Amino acid sequence: MPGGPEELRARQIVRLRATLRHVYANVPFYRDMLDAVGLQPDDFHDFSDLAKLPLTSKDDLRANYAFGLLAVDEDQIARIHASSGTTGTPVVVAYTKYDLDIWASVVARSIRAAGGRPGDTVHIAYGYGLFTGGLGAHYGAERLGCTVIPASGGVTARQVQLINDLRPEIIMVTPTYMLTLLDEFERQGLDAAESSLRIGIFGAEPWTEAMRREIEQRGGLTAVDIYGLSEVIGPGVAQESATTKDGLHIWEDHFYPEIVGPDGAVLPDGQPGELVLTTLTKEAMPVIRYRTRDMTRLLPGSSYAPFRRMARISGRSDDMIILRGVNVFPTQIEEIVLRVPGLAPHFQLLLTRPEQLDELTVLVEAAPGSAEAREAGARDAAAAEIVRVVKDSIGVTVQAKVVDPGTLERSTGKMRRVIDERST
């Protein structure tokens, strides 16, 4: 890692120019972008110059499906990942051997920041395959010198058996699936806090401090956040340190961050907005000023590392619900649900339009063994408390319904928090 801020900034500028030269020579999309603003790659002397370029988005990647943004010959591709394509054309991401090496290095760096060390055993319950989570975590853990259990997602009872029998120290998984695993421990009459797990590295979806407390208390481990996205590289773009737990260090020697407002203007550090990333070392498919849709803010480096930190993701701009003119994020509802006694941390948001106005119903499970699981009156009181706190803290009126334990969909990967039935 670079020795200090000045050395880091100098390295970033060198790498930015090299990346811009690379895409200008090989990617018509980016060449046209630079030509349109009258800039050449060597015109970039400071990162303020980067703001002269337009933002790019997932729509641009889809419009250039499959290899329109490829910056190397196809015979140099070592691996391909892709999004599911459930909401449109899939986003394809290609990697050279060098890209895979960088990816393994930043994930290894992330696991070490989380407290992992060579010789630890890592249970990976992210999905493998086209999703970047499983393989990204896998090769990073091996790079650090860890033993890997490639469990992938699903078959929850077997996951618990593997954890009990193979005794890993670290688990890498989505936070909502970790809750599912904790429920399975309890279903089997086991105390997860007495298992071998001491570190949980959770990512692929926004989660809250309230969920961290829930997981740490029930799991008896240290829960830290990892960040990444397929379009940039996969997991390992940023990582929270287990020693500070105060934001995720962005590995700025490989990924340059900006925060922009709704109009696309760059905001100063500390101001909340949308995270935009530029890759500085990627060969196969670099991205320039890519809109992540993740809402956060940039913070200074910490005692752990000089790299700037990003605050915990507060939500995604494309997951934001606008209800009667009020912006509502699922993470806001999560914080409220986890504060109401007698409720489990499993909830979904149901959007309907019964007449002229949109309605939002919070569906949440009663905690097993609670009064809310047995008594209609207790359920009604808990639902009323959710409605009251949402109105007081967010300023919008919602409906709430407490349902039986084990009723709602369980996550084996990224959780589907919002069910939109307004068009049906």
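Analyst: The residue to start from is Y139, which is partly exposed because its relative accessibility is 39%, a value between the 20% below which a residue is buried and the 50% above which a residue is exposed. The model described here is a predicted one.

Y139 sits in helix α5, which covers residues 132-144. Apart from its neighbours within four places in sequence, Y139 is in contact with R79 and A104. W103 is 36 residues away from Y139 in sequence, yet the two C-alpha atoms are 8.2 Å apart in space.

The axes of α4 and α5 come within 7 Å and cross at roughly 75°. Angles from 65 to 115 degrees count as roughly perpendicular, so α4 is roughly perpendicular to α5. On the α4 side, the residues that meet α5 are D101, W103, A104, S105, V107, A108, I111 and R112. On the α5 side they are T132, G136, A137, Y139, G140, A141, R143 and L144. Sorted by class, this contact has 9 nonpolar, 4 polar and 3 charged residues.

In soluble globular proteins, nonpolar side chains tend to be buried together.

Leaving out residues up to four places away in sequence, Y227 touches G234, P235, G236, V237, A238, L248, L275, L277, T292, D294, M310 and I313.

For another helix pair, consider α7 (residues 175-187) and α8 (residues 209-219), whose axes come within 11 Å and cross at roughly 30°. Angles under 35 degrees count as roughly parallel, and α7 and α8 are therefore roughly parallel to each other. The crossing of α7 past α8 is left-handed. From α7, the contact is made by P175, T176, M178, L179, L182, D183 and E186. From α8, M211, E214, I215, R218 and G219 take part. By class, the contact of α7 with α8 has 6 nonpolar, 2 polar and 4 charged residues.

How values were computed
Residues are numbered from 1 along each chain as its sequence is written. This is a predicted model: local features need pLDDT of at least 70, side-chain atom pairs count only at pLDDT 80 or more; totals for chains, interfaces and linings use all residues. Side-chain values use heavy atoms; hydrogens and water are left out. Helices (H or I, at least four residues) and strands (E, at least two) are DSSP runs, numbered from the N terminus. Buried means under 20% relative accessible area, exposed over 50%, partly exposed in between (1.4 Å probe, protein chains only). Contact means heavy atoms within 4.5 Å. Axes are lines fitted to C-alpha atoms, for helices over the stretch in contact, and angles run from 0 to 180 degrees between N-to-C directions. Angles under 35 degrees count as roughly parallel, over 145 as roughly antiparallel, 65 to 115 as roughly perpendicular and the rest as oblique. A crossing is left-handed if the near helix is turned anticlockwise from the far one by less than a right angle, and right-handed if clockwise. Ala, Val, Leu, Ile, Met, Phe, Trp, Tyr, Cys and Pro count as nonpolar, Asp, Glu, Lys and Arg as charged, and the others, Gly among them, as polar.
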